There are 2 protein chains.
Amino acid sequence: MNILVTLDSNYIKPLKVMLKSLFLNNQKEVFSIFLMHSSLTDEELDHLRNYINSHGSKVEIIYVDNSCFSNAPSHLYYTKEMYYRLLAYKLLPDDLDRILYLDPDILVINPIRELYDIDINEYLYASAYHDIVSLKAINKIRLFPYEIDAYYNSGVLLMNLEQQRQFIDENAIYEFVEKNHSYLVLPDQDVLNALYSKQIKSLDEKLYNYDVRYFNYYKTVSKNKWDMDYLINNTVILHFCGKKKPWKKGYSGKFHSLYKHYEKLAFTC
Amino acid sequence: MNILVTLDSNYIKPLKVMLKSLFLNNQKEVFSIFLMHSSLTDEELDHLRNYINSHGSKVEIIYVDNSCFSNAPSHLYYTKEMYYRLLAYKLLPDDLDRILYLDPDILVINPIRELYDIDINEYLYASAYHDIVSLKAINKIRLFPYEIDAYYNSGVLLMNLEQQRQFIDENAIYEFVEKNHSYLVLPDQDVLNALYSKQIKSLDEKLYNYDVRYFNYYKTVSKNKWDMDYLINNTVILHFCGKKKPWKKGYSGKFHSLYKHYEKLAFTC
């Protein structure tokens, strides 16, 4: 399975925790981890390469330099990292047809095979939209002219690279950013939603992009089915969305102990 | 390492979870599990034996019949299970010098070797007392005539069997129960405290008998040292004290997700 991650130095530790959870709960799989970056040191890269190799997976480092997105509007304050996910198909090997992008602030707590094999022939991506009513309403207003049906979260993104090479227009993305930069809050996610939401296959967020802040909401809308027991045995991806992160001091939440458990395993084994 | 557990049918599942956590976090150790019971079926015993053996540990079944505690006051409503821990030394092999009793409602989340090897030459037991102020005050009043210094929790109990064979007087226990039965709330724990608290070596409850209901209390008294990060990396035993148990519907708490994680591992691997 091909996994895409992008990071800078600040995310090395969370990335290791995420990967640890992925490896532990998918022990029969072989992974190729594509690690996209523009600022990691050789030492950091060696450390990550060793870590990934020691878990039986392959790693390919993709260094992204400034010339990669040379047509991008450069006067804006966004860094070019915002294009990593949107234009990954340009930077990945040509023979790759599919890859699963994963944010570093997630835990993979169950087998990921079913997600990876989802039929996305007719789509550019598969992703989950976060269905909290208020969030949907806010984002619809904000991206009003683009008539999006749902606001997808780009933290877990299954990519159909073949389709993307054919149908994604790099310059259309740059034009969109140029035109809308004053409205963009999460720029890459906003672009994804505004330009491609109709070509995104919807995933069940409770399975594949469970926002850990909304335990009670998920439980209620599922008529108590999605309780802690069901979640631990069925949800594949827990996503620690929002500003408060479980690796930081002062965090608290229902999945704090579980996150710290995986963190301990990542840092000691 | 010798581990003592006692159970009836209702506790088979939690016991498996506890043992799973013990095995996973102590992979270099070899355990002999002494399983004391009076009501498990052959099928249940086979199941547990296979489970324990499949994790590389030995198991010894100790069936406790009615003749074991024949002098115990029989007109009281207590079942004879209350004597399992107090009189384990009578039922265990004579050549055993030390054993660690563990309740089934715990998780062992770190190596247990240091606890097991604690010097208890001069003591009957090692145990942690739960230091919540109100709890201590209540129990002191309740067991007032016995001048106990601290109220020990008997859920984690390191036993010096050699000393116990010499110094524990079975009939003194029966007499105490006969005399005080109207005051006893947790009968075996109360006996332990009233008769033997001065011969119990104190353990740090934050390390070896962490009551999961008191996260904020422990954090406060330790001046924020014992936060989730420190706990996951240092606390050895989490104890799910109280009536609300994490394997039951409707439970919620800071360690719910972690418990369910181990439960999943116990039931699937």
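This is a predicted model: local features need pLDDT of at least 70, side-chain atom pairs count only at pLDDT 80 or more; totals for chains, interfaces and linings use all residues.
Two copies of a chain are related by a rotation about an axis and a shift along it. Here, a rotation of 180° superposes chain A on chain B, with 0.0 Å of shift along the axis and an RMSD of 0.0 Å. The two copies are thus related as by a two-fold rotation axis. Leu258(A) is the residue of chain A that comes closest to this axis, with its C-alpha at 2.4 Å. Both copies use the same surface, since 100% of the contact residues of chain A recur in chain B.

The interface joins 12 residues of chain A to 12 residues of chain B. On chain A, α11 (228–234) and α12 (256–268) each supply at least two residues of the side that touches chain B. The largest share comes from α12(A), with 6 residues.

Two packed helices are described by the angle between their axes and the distance between the axes. The axes of α1 (residues 12–24) of chain A and α12(A) come within 8 Å and cross at roughly 95°. From α1(A), the contact involves Lys16(A), Val17(A), Lys20(A) and Ser21(A). Their counterparts in α12(A) are Tyr262(A), Glu263(A), Leu265(A) and Ala266(A). The residues of this contact divide into 4 nonpolar, 1 polar and 3 charged.

Strands of a sheet pair through backbone hydrogen bonds, either parallel or antiparallel. Strand β4 (residues 98–102) of chain A contains Leu102(A). This strand is mostly covered, with 4 of its 5 residues buried. β4(A) pairs in the parallel sense with β1 (residues 2–6) of chain A over 2 bridges. Within β4(A), Tyr101(A) stands opposite Leu4(A). With β7 (residues 152–160) of chain A, β4(A) pairs in the antiparallel sense over 5 bridges. Val156(A) in β7(A) is the bridge partner of Leu102(A).

Leu102(A) is itself buried, because 24 other C-beta atoms lie within 10 Å. Leaving aside residues up to four places away in sequence, Leu102(A) touches Ile3(A), Val5(A), Met18(A) and Val156(A). Leu102(A) and Ile237(A) are 135 residues apart in sequence, yet their C-alpha atoms are 9.5 Å apart in space.

A further sheet of chain A is open and has 3 strands, in the order β5-β10-β9, with mixed pairing. β5 (106–108) and β9 (210–211) of chain A stand at the edges. Each has a single partner strand, so one side of each is left without a neighbour in the sheet. β9(A) pairs with β10 (residues 237–239) of chain A in the parallel sense, over 2 bridges. In this pairing, His239(A) of β10(A) is the bridge partner of Asp211(A).

In chain B, helix α8 (residues 187–196) is largely enclosed by the rest of the structure, because 9 of its 10 residues are buried. Among them are Pro187(B), Val191(B), Leu192(B) and Tyr196(B). Asp188(B) and Asp190(B) are also buried. The buried residues of α8(B) pack against the strands β6 (125–129), β7 (152–160) and β8 (200–203) of chain B, and against the helix α7 (170–180) of chain B.

Note on methods:
Residues are numbered from 1 along each chain as its sequence is written. Chains are lettered from A and ligands numbered from 1 in the order in which they are written. Two residues are in contact if their C-beta atoms, placed from the backbone, lie within 7 Å. Axes are lines fitted to C-alpha atoms, for helices over the stretch in contact, and angles run from 0 to 180 degrees between N-to-C directions. Ala, Val, Leu, Ile, Met, Phe, Trp, Tyr, Cys and Pro count as nonpolar, Asp, Glu, Lys and Arg as charged, and the others, Gly among them, as polar. Copies are superposed by least squares on the C-alpha atoms of residues with pLDDT of at least 70 in both. Two strands pair if DSSP finds at least two bridges between them. A residue is buried if 20 or more other C-beta atoms lie within 10 Å of its own, exposed if 12 or fewer, and partly exposed in between; C-beta atoms are placed from the backbone.
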